[in-house]
Amino acid sequence: WTYLRGLVGMQTKRNYANIARQVIDPKEDGQNVQQFMSDSPWEAQAVIQKMQQEIAVTAGLQQGGVLLLDESADEKAGAKSAGAGRQHNGRLGKVEMSQVGVFLAFYKELVWTWVDGELFLPEHWFRAEMASERKRVGVPEERKFATKIELGWTMIQRVKAHGLPFEAVACDDLYGRSGWFRHQMDQADIIYMAEVPENTQIYLTKPHFGIPPHAHGQAGRISTRPKVLSEDQPVEVRQLITYPDTHFQRFPVRNTERGVLDDRFAMCRIWTIRDDELAEEWLVIRHENDERYTYALSNAPAATTLERLAWLKCVRHFVECANQDAKSEIGWDELQAQKFRAWEHHLAMTIMATWFIA
């Protein structure tokens with residue numbers, strides 16, 4: 001209760017000592033708050049699961065919700081915090097000493113909130129010479145290296161198992177370019193709208209795809225990996241913007257402070273090689289603000305309306321709202337702690353606070 005009051009009621013400098021002084025007594029030094037956050041063995045996931053259950057039983061949120069997957073980095077002064085290292089910091093637009101989290105947000109109309117998160121631990125944290133450092137900051141012994149993509153899939157499975165209602169997942173091209181990730185969601189019957197880079201290769205007609213035949217008596221190893229066997233050639237998604245068959249049309253997506261968002265969109269059915277399998281997907285092209293083009297792939301059913309596809313293509317905007325609220329309103333990025341458990345506890349309390357506000 002003390003920590004939550006500090007997160008919600010204070011405007012800045014929400015560290016352990018200041019929270020104790022502001023909420024409890026000016027003479028407090030924050031030791032009890034620090035113990036509660038960094039050392040106390042309460043389970044962060046138990047708190048987070050409770051928040052997911054509350055969303056699941058809230059009237060108006062049981063249908064139409066979307067999960068938004070994103071990563072967010074916080075600059076660190078040194079490498080002593082769990083997971084800290086020189087890695088890409090999107091907020092700064094460069095490689096810097098940072099701590100990176102992978103987050104899931106839930107969005108439905110005017111409600112957005114974080115619902116889960118995982119601390120990304122760079123691969124060098126699992127080297128033998130880092131064993132004492134992992135122990136010092138309390139990285140669980142069973143924790144193994146996992147990419148941001150693998151952490152994202154773990155969380156999606158987790159919230160689905162907990163009964164959080166959602167109808168689709170939207171993510172940026174870090175995740176969308178992974179055929180494995182899209183394949184996993186498709187196998188789990190989860191609809192996705194995944195951003196992809198402009199050089200992503202697709203097929204406009206269905207190619208013949210399979211294991212290359214091995215002629216009797218032919219020398220060399222027998223190929224076991226499927227490939228395109230026909231003469232069909234892939235094209236990059238950016239090439240389609242100049243194709244005469246690509247038809248752009250405006251769709252009103254939502255109201256904004258500057259009026260109705262009604263960018264031009266083009267959609268078509270295409271084929272991709274997704275995790276060594278041939279897959280038919282939607283390609284959605286957005287002419288954003290009549291300036292730049294962005295691209296996404298989706299496994300939404302072929303009968304999905306173009307209006308729905310346009311809406312899903314734009315919904316990822318609200319993960320930025322969730323990230324901004326967690327940082328500016330709740331002080332997510334003001335955490336001054338080194339331990340892995342403190343990061344997880346701070347996440348649980350931040351989710352509680354953002355869900356309360358939502």
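Rings of Phe, Tyr and Trp (its six-membered ring) pair if their centres lie within 6.5 Å, with planes under 30 degrees apart counted as stacked, over 60 as edge-to-face and the rest as tilted. By this rule the structure holds 15 aromatic pairs. The model is predicted, so that local features need pLDDT of at least 70 and side-chain atom pairs count only at pLDDT 80 or more, while totals for chains, interfaces and linings use all residues. Residues are numbered from 1 along each chain as its sequence is written, and side-chain values use heavy atoms, with hydrogens and water left out.

**View 1. An aromatic cluster formed by Phe103, Trp114, Trp332 and Trp343.** Phenylalanine 103 and tryptophan 114 are stacked, at 4.1 Å centre to centre and with 10 degrees between the planes. This pair links distant parts of the chain, with phenylalanine 103 in strand β3 (residues 94-108) and tryptophan 114 in strand β4 (residues 111-120), 11 residues apart; helices (H or I, at least four residues) and strands (E, at least two) are DSSP runs, numbered from the N terminus. Both phenylalanine 103 and tryptophan 114 are buried, where buried means under 20% relative accessible area, exposed over 50%, and partly exposed in between (1.4 Å probe, protein chains only). The ring centres of tryptophan 332 and tryptophan 343 lie 5.3 Å apart and their planes stand at 80 degrees, so this pair is edge-to-face. Tryptophan 332 lies in the loop between α10 and α11, and tryptophan 343 in helix α11; both of these tryptophans are buried.

**View 2. A salt bridge between glutamate 133 and arginine 136.** A salt bridge is a side-chain nitrogen of Lys or Arg within 4 Å of a carboxyl oxygen of Asp or Glu, and by this rule the count comes to 23. The closest N and O atoms of glutamate 133 and arginine 136 are 2.6 Å apart, and the two residues both lie in helix α5 (residues 131-137), three residues apart, about one turn of the helix. Glutamate 133 is buried, with a relative accessible area of 15%, whereas arginine 136 is partly exposed, with 34%.

**View 3. A salt bridge between lysine 313 and glutamate 195.** The closest N and O atoms are 3.1 Å apart, and the pair links distant parts of the chain, with lysine 313 in helix α9 (residues 306-314) and glutamate 195 in strand β6 (residues 192-196), 118 residues apart. Both lysine 313 and glutamate 195 are buried.

**View 4. The largest pocket, with a volume of about 1,300 Å³.** On a 1 Å grid over the protein atoms alone, a pocket is an open set of points where a 1.4 Å probe fits, with protein on both sides within 12 Å along at least five of seven lines, and lining residues have an atom within 4 Å of a point. Grid points are joined across faces, edges and corners, and a volume is the space filled by probe spheres set on the points. The lining has 45 residues, of which Glu288, Arg292, Arg316, His317 and Glu320 lie nearest the centre of the pocket. Helix α10 (residues 317-329) gives the most to this lining, with six residues. Glu288 also forms a salt bridge with arginine 286, the closest N and O atoms being 3.9 Å apart, and both of these residues are buried.
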